[in-house]
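I wrote down what I looked up, entry by entry.

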Amino acid sequence: MAVNLTDRGAMGCAYYVAQSETLFFMEDLKLGDSSIVDSLRLYIDPTIVLLPASCSSEVVQCLDPNRTILAADDTRSDCTHLPYLFESRPSAEFAYESSKNKLLNLNIGRSYGPQVNFIVPGDEVNEQDSRQGQLLRLSGWIDAESRLTIGCAGALLSCIQRRRGTIYLPNDEHAHLLYRIATIQMFTLSETLLINADTLHALQIIATESHPNAQQQGPASRGASGGAKEGLSVYGLFHHQAKTPQGRARLRQYFLRPSMNRNVIEERLDTISVLLRPENSEHLDNIVKHLSKIKSMELVMINLQKGVTQTGQRKFSSSSWATIRNFTYHALCITDVLRDMQADNLAIVCKIGRVFDTTDLANIGRLISGVVDLEVSHEQGRVTVQHGVDSKLDEARRIYEGLEDLLSKVAEHFADAVPAELDANLNVIFFPQIGFLVAVRLDPATSAGVYEGIGELWDKMFVTETAAYYKNSITVELDEQYGDVYGKMCDREIEILQALAERVLEHKQLLIDVSSVCGELDCLTALARGAAQCGLSRPSIVEESVVHISQGRHILQELTVPAFVANDTHLDAGMIIMTGPNYSGKSIYLKQVALIVYMAHVGSFVPAATAVVGLTDKILTRIATRESLSRATSAFMTDLQQISVALNLATSRSLLIIDEFGKGTDSSDGAGLAAGVLEHLLTRNDRPRVLAATHYHEIFESGFVQPRSSLEFAHMEVMVNEEASEVDQQITYLYTYKLGRSIKSFGTCCAAMNGIDARIVQRAERLLLLSARCGDLVEACAELPEHEVTELEAAEEIARKFLSLDTVNGGRSVVQQLLTSPSTSPTG
């Protein structure tokens, strides 16, 4: 197993099973952490674990609590306490490009299918498959854009090559038989619904918008998106309802990794149901109010530990102490609110009861309040210890606060000895770093003070533009008695605050655990408040592979239209193919079904009156085409890769959404591919649930997709007005789901409604009518416009008159006459 977790939370993993000769890939994850690494370790049960040298210490400690690692130079240390061999490899072995080249060199799948080469400029044309062709084939099995996982696979291949080198001599023809890789497959986390990047994009689950100011477009950090914000997306509807940073991070994790564990889903749904009870409305508001005052303790504890254990760090600020005290107070308030709700049977309430040690939390809050004067600290901008905490500190403060009166009396003593005519403007000041000084008005002529003492020569320390500063025997005596009082006061405060920090750090894990549970509660309250705002209902989760939805809605589309028409869905282990008019709502219907299934697995309420959703392991789509210059593939090739991944990963528990596949090529080829994909899905033993939409009516009329019990047809209803004179008024969209196949697409009506020139629409209507009558479209398209026909007829008449002339006298004038007056016959 090879795993990589970046500082920003992105994570990739790949592993190899020698017995089945299979290399497994995981799609890159966002917001990964050491707990997921531990889950992967338990799921895979590896014999070797590879990590990049740059991987975080958190992951290293998770995999090897004793931090016993094999260095990159294979220097061995004791690994007998671990059930696997642990290696830290150079980061170069996890590089994306080199790892991708290693995968391409495997030449997997060359013996299957037609031997077709895909050549792009720069490829060498030979008998071997081109690099681009290999990449296209690889992209049909795995997500080639999962850069971290591809890097992990490259590290595994390097490890396999090293093992071969220890057994076989170089260039041994039998070396490839050891640790052979016959197939590659995608896998997902245990009890997690697989949803790839294409599906996230197509369903608008996550949609990040860049900041309009280019200087604010920084890289994303863990749990945040840098200089960007969440756009119109499903996650965006709930994101602003979360009040804590850890709650927003947990909510994003819920949406990126939907659960397949029915118990986990039911626990989330139960919590949302209780929070949304009318009698709990006030309690929910109070919970949200207290959560809004809570910060993430993980970062606060890290900063506190740095201030205690490391020198030269920025001092722990007064606001940080206030953050910890407020955290303990509001955490205790949350427990009181939940106690009043009488919801002891909820999983989150039970978890809070286990994790929240109310006695320790109260003691931490009292400890901080008893030591740190938060009000004075806020006013002075520095951490201030309460009076009465330490007698030595109080005595130092009393002396320091009395220095002002002392300085005034000393200044009066010096002023009595200075002649009045000098106007010395004498003063005594105290600098903690220098001590006591006598300030005298500066004489510009001598660059010295106007008075420097009589009988005793004062030592000039420095001058400014207006004064000179001196030390004498009295200031030296003051330095000896009171000069270090400020330093002693600060040192004593530091000692007291360090002792306080050490006592608080004894409860570090408690504070972090409580903060994490508060984030989970915040996430659930965000889902509850979002459900109330959007009018969502609780779904029923069942083991059977079914989807039964009553009055389902598209949660995003209904925000953008004046009125949304809700529709039902009844899909068992079979296929629904939607046909019918463009612009009638087929794509929205497909997406809304997928979103309802998806949101149910998040543990959220769904936009429907009722919904029965069977547990689903994957939601795979062929809806949106994400084109990129870096991929060097056309839109149609991207569609083919999406459908290839869907066919390879689909199981009987999967949900496939296919919207107008095959439209990017010749109509005959597209129809054939669409028919082949649909027929393949219908005849599979592990037939998934499929929702598809197509305009290729000929594949049904010609019998390429045969009717059967597992296949249903449906369309979105429209009302046709054949008496309307304008094309764009002939059809009214009702957006109502109806069973049965519709054979008309009404494309010309859509064109007229979207502003296409009326002449173009009329010509299209004539060609459609001609095609319906089995007319010759080639001849019709070759027909010339009227103005060109008129010009040709005029030219023909001129030519005929010219040929009819027997003799010509004055040829130039005759030709001119023919061109200007074609209707007048010239005479010879």
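**Entry 1: a cavity.** Which helix and which strand each supply at least two residues of the lining of the second largest cavity? I looked this up in the model, which is a predicted one. They are helix H23 (667-683) and strand S21 (689-693). H23 gives the largest share of that lining, 3 residues. The space inside comes to about 60 Å³. My count of cavities of 30 Å³ or more is 3. As a reminder to myself, rolling a probe the size of a water molecule over the atoms shows where empty space is left.

**Entry 2: two strands.** Opposite isoleucine 658 I found arginine 622. I then checked which way the side chains of strand S19 (residues 619-622) point. Ile619 and Thr621 point one way, Leu620 and Arg622 point the other way, and all are buried. I noted the general rule beside this: in a regular strand the side chains alternate between the two faces of the sheet.

**Entry 3: the cores.** I looked up the largest nonpolar core, and it has 135 residues. Phe255, Met301, Trp321 and Ile324 touch the most other members. Helix H20 (residues 508-534) gives the most to this core, with 14 residues. Another core lies apart from it and has 50 residues, including Ala2, Tyr96, Ile150 and Ala646. In soluble globular proteins, nonpolar side chains tend to be buried together.

**Entry 4: two residues and their contacts.** I started with phenylalanine 255 and left aside neighbours within four places in sequence. Phenylalanine 255 is in contact with Ile205, Val234, Tyr235, Phe238, Leu527, Tyr598 and Val602. Next I took arginine 252, which sits in helix H8 (residues 245-256). Is arginine 252 buried or exposed? Its relative accessible area is 13%, and the cut-off for buried is under 20%, so arginine 252 counts as buried. Not counting residues up to four places away in sequence, arginine 252 touches Lys30, Leu31, Ile206, Thr208, Glu230 and Tyr235. I marked Tyr235 in both lists, that of phenylalanine 255 and that of arginine 252.

**Entry 5: positive phi.** Most residues other than glycine have a negative phi. I looked for exceptions and wrote down two. Glutamine 342 has a phi near 55°. Glutamine 342 is in the loop between helix H12 (318-341) and helix H13 (347-355), and it is exposed at 69% relative accessibility. Tyrosine 735 also has a positive phi, of about 55°. Tyrosine 735 is in strand S23 (residues 731-739), and it is partly exposed, with a relative accessible area of 33%.

**Entry 6: the whole chain.** I ended with totals. The chain has 29 helices and 23 strands. Of its 828 residues, 45% are buried. How many of the contacts between residues at least 6 apart in sequence join residues at least 24 apart? The share is 69%.

Key:
Residues numbered from 1 in each chain as written. Predicted model: local features only at pLDDT ≥ 70, side-chain atom pairs only at ≥ 80, totals over all residues. Heavy atoms only, no water. Core = buried A, V, L, I, M, F, W, Y, C linked by side-chain atoms within 4.5 Å. Buried < 20%, exposed > 50% of the residue type's maximum accessible area, 1.4 Å probe, protein only. Helix = DSSP H or I, 4+ residues; strand = E, 2+ residues; numbered from the N terminus. Contact = heavy atoms within 4.5 Å. Pairing = 2+ DSSP bridges. 1 Å grid on protein atoms, 1.4 Å probe; cavity = no way out; pocket = protein on both sides within 12 Å on 5 of 7 lines; lining within 4 Å. Points joined across faces, edges and corners; volume = space filled by probe spheres on them.
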